[in-house]
Amino acid sequence: MGLTGKEYESIRNELSKSERPFFLFHDDPDGLTSFLLLKRFIGRGYGMMVKAEPNVNDRFLAAVKSNKPDTIFIVDVALMQQSFVDTVKSGLYGVKNIVWIDHHQPVKLSGVKYFNPRIHQPQNNPPASYLCYKAIEDSDKEKKDLWLAMAGIVSDWHMPEFADEFRKLYPDLLPKPMTAEEALFTTGIGKLGRILSFMLKGPTSEAMACIRALEKVTSPYDILNRLTKEGRFIYNKFKQVNNDYEKLLAAAKTAANSSSDKKFLIFTYKGKQSFSGDLANELLFLYPERILVVGRERSEYLMLSFRARHVPVLPALK
């Protein structure tokens with residue numbers, strides 16, 4: 001499962017030799033923890049979220065120009081444009097290498113060092129945070145950041161082979177062997193994943209402030225038990241966002257329990273924050289027999305998330 005030993009070694013080498021790394025990461029727990037694992041491993045670099053659409057394109061050229069990196073690391077982002085690659089490697093930006101670590105549908109670009117386990121096997125699909133953790137696994141820092149890796153991995157509905165090791169270190173956060181979805185919605189490590197997700201919502205400036213605080217956190221209990229000022233800062237942001245989420249979840253449960261349609265669960269809402277993916281995931285856990293359609297009303301549109309266990313949603317959607 002995952003990448004080959006040579007591929008993990010190659011990622012480590014690229015990290016170690018980069019003096020000015022610049023990280024672009026997807027704005028979810030998997031992308032966030034992938035970035036933090038890599039940055040904390042080498043102790044340098046700057047990170048920037050890829051918000052809105054998961055696509056690295058020319059809108060990031062200004063950020064590359066201002067940061068002057070020698071290597072760009074892209075983690076958990078599904079798409080990148082060839083024009084971006086050609087421009088930043090043209091010699092005008094100082095970029096020598098682009099390292100792309102991902103687990104979505106493989107794509108082909110030239111001028112990129114691309115690491116995706118699905119190239120080897122289409123169903124080989126561990127999260128980016130798993131791949132990044134395995135890339136630094138032999139380091140001393142890796143054990144200290146196991147909690148970060150687990151929060152990202154479990155949030156992406158995956159339970160890694162080193163879950164037993166984590167459970168020995170943090171038995172209160174993962175009390176027994178279980179599936180990823182059980183852990184996500186019933187345990188402390190699942191709550192930590194939710195905290196990381198919700199701290200990224202809202203204005204980018206607020207999310208980046210939380211990320212800067214998270215970079216100083218050395219223990220999951222700093223956040224969960226509010227033991228440090230950084231942990232309290234992150235948890236307070238989570239509480240604000242979670243209050244809105246819990247109201248929507250309660251409304252969705254009411255809709256599910258009062259509906260005579262036991263095949264579909266269709267729930268729409270209005271709000272400043274987008275919770276469609278979060279709601280769809282938790283509702284799928286609560287109502288595994290239903291086909292979930294969760295939509296946020298925005299202007300004239302409904303932004304939809306689809307989930308189902310027993311029906312292949314993507315072919316039906318296409």
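A residue counts as partly exposed when its relative accessible area lies between the limit for buried, under 20%, and the limit for exposed, over 50%. In this predicted model, E137 is partly exposed because its relative accessible area is 23%, whereas K134, at 17% relative accessibility, counts as buried. These two residues form a salt bridge in which the closest N and O atoms are 2.9 Å apart.

An open sheet of 5 strands runs in the order β2-β1-β4-β6-β7 with parallel pairing, and its edge strands, each pairing on one side only, are β2 (46-50) and β7 (113-115). Neighbouring strands of this sheet are turned against each other by 15° on average, direction ignored. Within the sheet, β1 (residues 21-26) pairs with β4 (residues 71-75) in the parallel sense over 5 bridges, and F22 has I72 as its bridge partner in β4. Helix α11 (residues 204-214) packs on the sheet, where it touches β1 and β2, and its direction makes about 140° with that of β2.

A search of the whole structure finds 14 salt bridges, among them one between the side chains of E215 and K39, at 2.6 Å from N to O. Because E215 lies in the loop between α11 and α12 (220-224) and K39 in helix α2 (residues 29-42), this pair ties together parts that are 176 residues apart in sequence. E215 is partly exposed, with a relative accessible area of 28%, while K39 counts as buried at 15%.

Technical notes
Residues numbered from 1 in each chain as written. Predicted model: local features only at pLDDT ≥ 70, side-chain atom pairs only at ≥ 80, totals over all residues. Heavy atoms only, no water. Pairing = 2+ DSSP bridges. Helix = DSSP H or I, 4+ residues; strand = E, 2+ residues; numbered from the N terminus. Axes fitted to C-alpha atoms, helices over the stretch in contact; angles between N-to-C directions. Contact = heavy atoms within 4.5 Å. Salt bridge = Lys/Arg side-chain N within 4 Å of Asp/Glu carboxyl O. Buried < 20%, exposed > 50% of the residue type's maximum accessible area, 1.4 Å probe, protein only.
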